[in-house]
Amino acid sequence: MATEDVKAKTTKKKEKVAPKPADLALDVASQEMIARSREMEIETIFDRAQTMKPCNIGVQGTCCKNCAQGPCRLPLPKSGIEGKDTRKGLCGATPETIAARNFARMVAGGAAAHSDHGRGVAETFLAAARKETHDYSIKDTKKLLEIAPDFGVEITVEGEDGQVMDRDIDEIALEVAEKALAQWGQQQGEVMTVKRAPAPRYELWKKLGVVPRGIDREIVEIMHRTHIGVDQDYENIVEQCSRAAIADGWGGSMIATDLQDILFGCPYPVKSSANLGILKEDHVNIIIHGHEPLLSEMIVQAAELPEMIELAKKNGAKGIQLGGICCTANEILMRHGVPLAGNFLQQELAIVTGAVDAMVVDVQCIMENIANVADCFHTKIITTNPRAKIASGHCLHIEFDEHTAFEDAKRIVQTAIENFPNREKEVIIPDQRHDLVAGFSYEAINYHLGGTFRGSYVPLNDNIINGRIRGIGGVVGCNNARTMLDDGHITVIKELIKHDVIVLTTGCNAIACAKAGLLTPESAKVFCGPGLAEVCETVGIPPVLHMGSCVDNSRILMAATEVVKAGGLGNDISDVPVAGSAPEWMSEKAISIGHYFVVSGVYTVFGVTFPVSGAPVFEDYLYNKLEGIYGGMWDLEADPIKHAHKMIAHIDKKRKALGIDKARERVLMDMADRQKLEAA
Amino acid sequence: MSKLVAFAAIQGAYNIVSKAEGKYKRALETYGGSQKLEFPNTAYYLPIIYSLTGMEVTDLDSARRPLEFARKLLPPHVKKDCHLPYLGPLLDAGMAALFAEEIVEAIRYVEDPDFYQPEVEDPDVENGKIWLGAADDAIMRKRGVEFVDGTAPGFAAIVGAAPDSATAKKIAEEYQQKTIYVFMAANQNGTTFTEQLIEEDVQIGWNTRLVPFGPDISAAVFALGFANRAGMAFGGIAPGDYKRQLKYQKDRIFAFVNALGDVNAEWAANAAGCINWGFPTIADTDIPEVLPTGVCTYEHVVANVGHDEMPSRSIEIRGLKVTITEIDIPLAYGPAFEGERVRKDDLYLEMGGGKTQCTELVKMADMNEIEDGKVIVDGPDVTEKKKGDRLPLGIFVQVAGREMQEDFEPILERQIHHLINYAQGIMHIGQRDISWIRVSEKAIEKGFTLKDIGTILHAKFHQDFGNILDKVQVTLYTKDDAVDELTKTARAEYKHRDERVEQMTDEGVDLFYSCTLCQSFAPNHVCVVSPERTGLCGAYNWMDCKASYQINPTGPNQPVEKGECLDPKYGQWKGVNDFVFKASRQAVEKVNFYSMLVSPMTTCGCCECIAAMLPTCNGIMTVHRDYTGETPSGMKFTTLAGVMGGGQQSEGFVGHSKFNITQRKFLVGDGGLLRMVWMPKSLKEELRERLIKRGEELGVPDLIDRIADETVGTTEEEILPFLQEKDHPALKMEPLVG
């Protein structure tokens with residue numbers, strides 16, 4: 001489709017004075033690039049957020065456009081509702097039904113995104129296991145052996161003489177690949193990885209009937225149920241949301257993470273840096289943006305080829321600099337230390353530096369407008385995924401196929417290099433980059449809490465029990481142009497760590513933390529309460545642990561499960577002093593993630609806005625009633641300080657329930673105590 | 001501040017591993033790869049490496065793999081800014097250092113074979129040979145029992161030296177009083193804690209729990225290796241199962257490090273290694289602290305601790321409670337002094353020992369007859385005697401209580417030996433009418449009088465046996481005629497008792513007793529003790545268990561209804577089977593009390609003797625743990641113990657006490673004592689009288705002379721002609737197997 005001249009230039013000056021860049025973004029690099037975009041009259045999301053306000057009714061979640069008789073708009077009157085709520089859509093749908101259906105479709109959208117990503121990984125994994133591709137292979141056999149039993153795959157075989165022997169690793173890989181891929185299309189039974197949850201959690205889900213049957217099936221069923229005239233009971237709709245969300249967090253996302261680790265290596269702590277300052281004026285700068293590591297892994301390899309570096313030099317550059325945006329960034333950071341260029345709201349701003357020779361994108365969170373911004377520069381936008389093309393601007397599509405992955409990647413890198421001499425505008429790279437340490441898979445945390453021989457989550461639990469650490473915050477999620485870039489993230493997190501809450505982060509929140517210097521071990525002393533600071537010093541970790549991309553929120557689930565297993569903090573995730581948060585969320589994926597956290601027993605607070613305010617009964621169901629069912633519930637708090645304190649209050653509530661709200665006495669063991677020790 | 005610790009320790013680990021590699025290379029060049037590498041008389045190869053990785057180091061060639069493993073474990077150095085996490089790497093570095101040091105120490109045995117004295121309990125201080133090195137297995141098992149029964153809850157690994165020798169003495173004595181072993185290694189600018197103690201005339205060695213392992217920091221591996229051997233021997237932990245091994249250490253071995261003096265990088269690496277065990281470091285200098293808990297039970301590194309509070313802070317940091325009874329005597333008192341000798345030069349006065357009579361007797365008395373706490377000294381006291389004098393002594397203890405029984409008298413009486421020995425500067429040998437007490441000059445200087453013996457017995461009897469007795473009165477006779485009178489009474493009493501015990505049979509009682517005393521250490525094993533099968537550790541007979549149950553009804557000795565007899569020949573009862581099945585967590589279904597061939601009893605690893613089958617000779621042999629030589633079974637005691645530990649039934653082998661050998665039911669299912677074809681000479685001598693008596697009962701009065709020993713041979717082939725020549729009864733018995 002032709003979109004000829006929808007160039008990003010702002011047409012008319014508005015009368016209203018635009019907010020200062022310093023009020024739009026927390027980090028100086030973004031501020032500088034917003035200013036530059038204005039000088040160059042290039043329109044970005046920061047401008048559009050001023051000129052276009054969100055839909056008043058949609059924001060309440062009570063606009064229904066699921067049939068052509070509507071859209072039916074059921075706003076909540078400003079004065080609220082006195083007496084009986086008589087609002088109805090044409091078909092009679094109540095605000096609760098409408099908001100629940102809209103909510104459900106967001107879960108479906110989010111779960112579909114993660115899970116389709118997972119499916120792609122599983123397909124690549126299968127291709128690798130079948131040895132149909134030479135570009136991918138089994139890198140982390142240890143992890144393969146660890147997860148194989150979860151898929152019911154034997155890792156040993158019985159020899160002729162009855163001797164137990166190790167099974168061939170290729171055979172294991174192939175069976176795991178087939179079983180894993182089967183989780184998507186499975187129609188009956190249970191998604192196998194769901195059983196990884198702590199036993200009481202799994203039993204609860206079974207009792208409630210929300211164990212997902214197959215990943216795709218639950219998503220499809222949401223779409224069916226939310227069609228006109230199907231499920232018109234918000235509680236029943238939420239139940240289906242739970243199935244789909246569990247199928248995402250404990251299924252599609254988790255399988256994606258695991259198989260990615262096996263193909264590309266399980267992440268371990270790695271040093272790198274973040275923000276637009278990682279771009280180099282004299283280098284070919286390639287931004288990898290999107291979500292899947294399948295392509296980016298190949299690009300990382302391709303960019304290291306001597307022939308490519310040679311080609312770069314031939315084209316007048318000193319070398320090749322890769323930088324990531326969004327979760328692709330996190331994937332290649334975690335495994336290779338490739339620096340982070342920025343998070344979601346910086347994708348246009350990166351191009352505004354004039355230094356980006358190519359921005360390679362795959363799927364999810366890629367703003368169409370990057371094409372328009374790129375058209376103002378020499379930057380080439382290269383789409384690579386058949387599922388994600390861009391009609392705006394002049395994008396190049398180089399399709400990426402797992403069977404020819406490395407060749408495709410080389411073509412992409414070569415295209416970028418050859419674009420280096422075409423730089424026309426002045427290159428202005430903000431002098432902003434911060435060091436960071438990332439790479440905290442739950443396996444890495446386990447190792448770093450005790451080494452090869454004593455690795456376990458016990459020290460974490462122990463320091464939660466003794467109160468040095470108050471609890472765990474899982475703070476994740478997107479950026480949202482309706483609020484100052486990164487301000488919510490950083491304010492919430494600083495408030496949490498100040499109160500000794502250790503933070504696990506993923507996604508764009510992690511990148512925000514990196515830019516703010518919170519992913520350095522040194523930050524512990526500056527920002528943490530004394531207890532958390534001491535623990536960070538002991539282990540040598542930052543107070544905020546970067547666990548990966550948004551698909552890797554499954555790592556947080558596994559970390560929470562490990563905490564439960566390590567003992568002393570209850571029997572289920574809902575007993576642990578933990579709270580979840582997405583201070584600047586915006587995507588449907590965030591809703592799916594939030595919901596799988598909630599049904600896993602975690603109190604989860606979202607910032608900015610939440611599309612249920614037009615349906616108070618449904619809102620109350622999500623914010624309060626769910627706690628009685630799942631032990632976790634939703635909440636909204638736009639003020640980041642209050643947001644953090646709601647989490648802290650929940651953590652304290654859990655501490656009290658565990659009886660660890662008081663100082664722990666030192667237990668000194670005498671002979672009788674020692675004899676009572678259980679058998680080892 | 002942990003970063004500084006990590007930085008230093010990782011640096012230190014690099015140094016240690018590199019030095020070890022150099023030493024290894026030189027040794028390889030000098031001796032060749034087939035050069036044997038071992039800690040003499042130990043069963044677990046190089047025990048740290050073996051217990052944690054399963055790698056068996058037997059020679060220089062096989063040491064290559066663990067050394068390479070150590071190198072691989074070394075983490076990257078800690079960067080100054082934005083460093084990566086270091087706790088895990090730090091612990092790995094420490095482990096790498098210990099693996100390397102264990103190999104270094106093993107090479108030392110090759111290079112300088114006389115440097116350590118592995119087989120002695122007390123070093124030869126006079127000849128300047130003060131370092132013991134790795135405890136041999138006999139010592140480890142003997143001392144291990146103390147860890148098992150709680151008389152030694154743990155150890156302090158002291159590295160370096162105190163600022164002066166008086167402080168060293170003070171610290172050592174405080175640990176002794178707190179019943180904690182002191183394992184010494186390393187030096188501070190050439191000065192060692194051990195030499196400081198020698199300077200202060202403190203007796204060092206296993207007997208006083210002040211163990212001089214070695215002068216270098218690498219000797220720390222002997223302490224940790226000791227702990228891990230205990231884990232394998234008593235805890236039944238499989239080699240290579242590092243998770244369970246280290247958890248066992250953290251939960252059950254209450255050890256810690258005291259770093260005295262400047263802590264260098266290599267010490268830091270060793271301290272980091274110890275944290276893997278859950279053993280924290282307490283230092284007297286201003287080193288960076290690591291206070292958060294987790295890998296250790298409480299703090300990991302605590303600094304700036306004054307010498308006065310070092311022992312008490314250390315045990316608190318390790319999470320240990322030590323209850324010491326304050327006894328109102330002028331001497332230090334505790335189990336650590338039990339093995340302390342009073343040498344000729346130190347001797348002030350002695351009682352008994354052949355030169356004068358010394359007799360002990362405990363008798364039950366009527367409640368109204370005695371006065372609790374009364375101590376009568378009838379005759380001259382030690383203070384009235386000159387140095388070098390002698391006295392006769394009669395210790396007559398009368399006890400009364402509603403729960404007191406005549407059967408408990410010998411049990412109480414047996415306590416006198418160690419209770420008196422616990423006093424510093426007093427040495428007690430023997431029992432009954434062959435007792436012998438030596439009093440040192442130092443004790444006299446401190447104000448010891450005979451009354452103190454009474455004070456000790458009164459206090460300790462109340463403390464340990466408070467449930468069965470209410471009153472204790474002690475009379476100490478030091479006049480010849482009174483002592484003779486008591487001796488006469490006592491001898492009649494002993495005879496009466498012995499006859500009673502002799503007459504007790506398994507058939508004559510309904511209850512046996514379980515013994516789980518060692519479960520703090522050997523959690524997978526449970527003993528059942530019957531009148532004719534005493535506890536295999538030699539420490540507990542049926543009567544002891546019965547008394548123990550009465551003293552502490554919820555304690556480690558519980559009655560077991562023996563129930564229906566399922567097999568009188570092999571000694572199998574339904575009630576016992578049910579109990580063992582449950583207590584072993586369904587691992588052991590049935591046990592035979594009188595057989596080593598069919599469903600024998602399990603062992604905790606601290607048995608006094610192990611019997612094994614000798615098929616060629618159609619007989620059995622037994623070996624006690626003090627005998628370190630080869631046996632006709634093809635295995636030394638330590639190897640045998642390794643085969644049997646861990647609560648598993650091993651048919652063809654059984655653990656038993658020395659006393660059990662001459663009990664009537666000894667392996668009667670397999671043919672009884674007449675099957676015995678080989679015993680170490682020293683064991684034969686120890687049991688001579690009883691063996692002769694039992695031989696007479698069995699119709700072979702010279703049985704003892706027909707049993708071969710190591711002077712005859714240590715293989716079946718060597719001893720068989722001897723047995724044939726002596727016409728050993730086993731040769732004519734029905735075939736042992738099949």
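## Domains of chain A

The domain assignment of chain A places domain 1 at 95-264, domain 2 at 276-422 and domain 3 at 452-658. The coordinates discussed here are those of a predicted model. The centres of domain 2 and domain 3 of chain A, taken over C-alpha atoms, are separated by 31 Å. Across this boundary, 13 residues of domain 2 of chain A are in contact with 16 residues of domain 3 of chain A.

On the side of domain 2 of chain A that touches domain 3 of chain A, the elements giving two or more residues are helix H12 (326-336) and strand E8 (340-342) of chain A. H12(A) provides the largest share of that side, 6 residues. By class, the side of domain 2 of chain A that touches domain 3 of chain A consists of 8 nonpolar, 4 polar and 1 charged residues.

## Overall form of chain A

Chain A contains 27 helices and 18 strands. Its radius of gyration is 25 Å, close to the 26 Å that the globule rule gives for 680 residues, so chain A is as compact as a globular protein of that length. The C-alpha trace of chain A spans about 80 × 75 × 50 Å along its principal axes.

Of the 680 residues in chain A, 60% are buried. Among the contacts in chain A with a separation of 6 or more, 76% are between residues 24 or more positions apart.

## Contact between the chains

Chain B meets chain A through 46 residues, which are in contact with 40 residues of chain A. Helix H1 (2-31), helix H4 (87-111) and helix H9 (242-252) of chain B each supply at least two residues of the side of chain B that touches chain A. H9(B) gives the most to that side, with 7 residues. The side of chain B that touches chain A has, by class, 24 nonpolar, 13 polar and 9 charged residues.

## The sheet E8-E11-E14-E9 of chain B

In chain B, 4 strands in the order E8-E11-E14-E9 make up an open sheet with mixed pairing. Its edge strands are strand E8 (358-364) and strand E9 (375-378) of chain B, each of which pairs on one side only. Neighbouring strands of this sheet are turned against each other by 10° on average, direction ignored.

E9(B) and strand E14 (residues 471-477) of chain B run parallel and are joined by 4 bridges. In this pairing, Ile376(B) stands opposite Thr475(B) in E14(B). Helix H14 (residues 451-465) of chain B packs on the sheet and touches E9, E11 and E14 of chain B, its direction making about 155° with that of E14(B). Helix H12 (residues 409-421) of chain B lies across E8 and strand E11 (393-400) of chain B, and runs at about 145° to E8(B).

## The sheet E22-E20-E21-E23 of chain B

Another open sheet of chain B has 4 strands in the order E22-E20-E21-E23, again with mixed pairing. Strand E22 (653-656) and strand E23 (676-678) of chain B are at the edges; each has a single partner strand, so one side of each is left without a neighbour in the sheet. From one strand to the next, the twist averages 35°.

Strand E20 (residues 609-614) and strand E21 (residues 619-624) of chain B pair in the antiparallel sense over 6 bridges, and Cys609(B) stands opposite His624(B) in E21(B). E20(B) also runs antiparallel to E22(B), to which 4 bridges join it; here Ile610(B) stands opposite Gly655(B) in E22(B). Phe653(B) and Gly655(B) point one way from E22(B), while Val654(B) and His656(B) point the other way, and all are buried. Helix H18 (residues 637-644) of chain B lies across E20, E21 and E22 of chain B and runs at about 90° to E20(B).

## Backbone exceptions

Most residues other than glycine have a negative phi, and most peptide bonds are trans. Gly70(A) and Pro71(A) are joined by a cis peptide bond, with omega about -5°. Pro71(A) lies in the loop between strand E1 (63-64) and strand E2 (72-73) of chain A.

Lys131(A), although not a glycine, has a positive phi of about 60°. This residue is found in the loop between helix H4 (95-129) and helix H5 (141-147) of chain A, and Lys131(A) is exposed, with 12 other C-beta atoms within 10 Å. In chain B, Asn189(B) has a positive phi near 50°. Asn189(B) is located in the loop between strand E2 (181-185) and helix H7 (193-199) of chain B, and counts as exposed with 8 C-beta neighbours inside 10 Å.

Conventions
Residues numbered from 1 in each chain as written. Chains lettered and ligands numbered in written order. Predicted model: local features only at pLDDT ≥ 70, side-chain atom pairs only at ≥ 80, totals over all residues. Pairing = 2+ DSSP bridges. Axes fitted to C-alpha atoms, helices over the stretch in contact; angles between N-to-C directions. Contact = placed C-beta atoms within 7 Å. Rg over C-alpha atoms; globule rule 2.2 N^0.38 Å. Buried ≥ 20, exposed ≤ 12 C-beta atoms within 10 Å, placed from the backbone. Nonpolar A, V, L, I, M, F, W, Y, C, P; charged D, E, K, R; others polar. Domains from an automatic or database assignment.
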